[in-house]
Amino acid sequence: MAKLTTAEFIEAIKELSVMELNELVKACEEEFGVSAAAGVVVAAGPAAEVEEKTEFDAILEPVDASVKIKAIKVVREITGLGLKEAKEFVEGAPKALKEGVSKEECEEVAKKFDEIGVKVTIK
C-alpha cells in the first residue's frame with residue numbers, strides 16, 4: 001500500500017461524512033490508546049491560562065538629590081509614613097509604593113511624582 005502524504009490524507013478525511021469521521025476517530029482512539037478529547041483539553045490549556053492583569057505595582061525609581069525633599073513629601077502623602085520612614089523609603093529606591101492595586105491608582109501615583117520630576121514605574 002502506498003503511503004499517503006499529509007495533504008492527501010486531509011483530502012480523504014474531507015470526503016468523509018460526519019458519521020464516518022466519528023467512526024474513524026473512535027477507531028484511532030482504540031488503535032493508538034488515546035483520546036481525542038484529551039487533545040482538545042491540551043490545545044485549550046494555554047489559551048485558558050491567558051488572563052488580563054488586574055493588579056499592578058507602582059515602583060518608585062531612584063530619586064535625584066535635587067527633588068528628594070519633594071519626593072519625601074509625596075511619599076508621606078501617599079503612604080502615610082512618618083518623616084523618617086519616608087526619607088528612608090526615598091533613599092532606598094527603587095521600592096514599591098503601592099502593590100496589588102488597580103492600574104488607575106498606579107497611574108495617579110505616577111502622575112503625582114511626574115509633576116515633581118520623579119519616575120514611577122508601573123509593573
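User: How much accessible surface does the protein chain have, and what share belongs to carbon and sulfur atoms?

Analyst: This is a predicted model, and its values are computed from the coordinates. The accessible surface of the protein chain comes to about 9,300 Å². Carbon and sulfur atoms account for 57% of that area.

User: What percentage of the residues is buried?

Analyst: A residue is called buried when its relative accessible area is under 20%. In the protein chain, 20% of the 123 residues are buried.

User: How many helices and strands are there, and in what order do the elements run?

Analyst: The protein chain has 6 helices and 3 strands. Read from the N terminus, the order is α-α-α-β-α-α-β-α-β.

User: In what order do the strands stand in the sheet, and is the pairing parallel or antiparallel?

Analyst: The order in the sheet is β2-β1-β3, the sheet is open, and the pairing is antiparallel. β2 (95–101) and β3 (120–122) are the edge strands; each has a single partner strand, so one side of each has no neighbour in the sheet. On average, neighbouring strands are turned by 15° against each other, direction ignored.

User: How many bridges join β1 to β2?

Analyst: Strand β1 (residues 56–60) is joined to β2 by 4 bridges, and the two run antiparallel.

User: Where do lysine 14 and glutamate 11 lie, and how far apart are their closest N and O atoms?

Analyst: Lysine 14 and glutamate 11 form a salt bridge, with the closest N and O atoms 3.3 Å apart. Both residues are in helix α1 (residues 6–14), 3 residues apart, which is about one turn of the helix. Lysine 14 is exposed because its relative accessible area is 59%, while glutamate 11, with 42%, is partly exposed.

User: Which residue forms a salt bridge with lysine 68?

Analyst: Lysine 68 pairs with glutamate 91, and the closest N and O atoms are 2.5 Å apart. This pair links distant parts of the chain: lysine 68 belongs to helix α4 (residues 68–79) and glutamate 91 to helix α5 (residues 83–91), 23 residues apart. Lysine 68 is partly exposed at 26% relative accessible area, and glutamate 91 is partly exposed at 43%.

User: Which residue forms a salt bridge with glutamate 77?

Analyst: The partner of glutamate 77 is lysine 112, with 2.8 Å between the closest N and O atoms. Here too the pair links distant parts of the chain, with glutamate 77 in helix α4 and lysine 112 in helix α6 (residues 103–114), 35 residues apart. Glutamate 77 counts as exposed at 53% relative accessibility, whereas lysine 112 counts as partly exposed at 35%.

User: What percentage of the contacts between residues at least 6 apart in sequence join residues at least 24 apart?

Analyst: In the protein chain, that share is 62%.

Note on methods:
Residues numbered from 1 in each chain as written. Predicted model: local features only at pLDDT ≥ 70, side-chain atom pairs only at ≥ 80, totals over all residues. Heavy atoms only, no water. Salt bridge = Lys/Arg side-chain N within 4 Å of Asp/Glu carboxyl O. Buried < 20%, exposed > 50% of the residue type's maximum accessible area, 1.4 Å probe, protein only. Pairing = 2+ DSSP bridges. Axes fitted to C-alpha atoms, helices over the stretch in contact; angles between N-to-C directions. Contact = heavy atoms within 4.5 Å. Areas by Shrake-Rupley, 256 points an atom, 1.4 Å probe, with all protein chains shown as cover.
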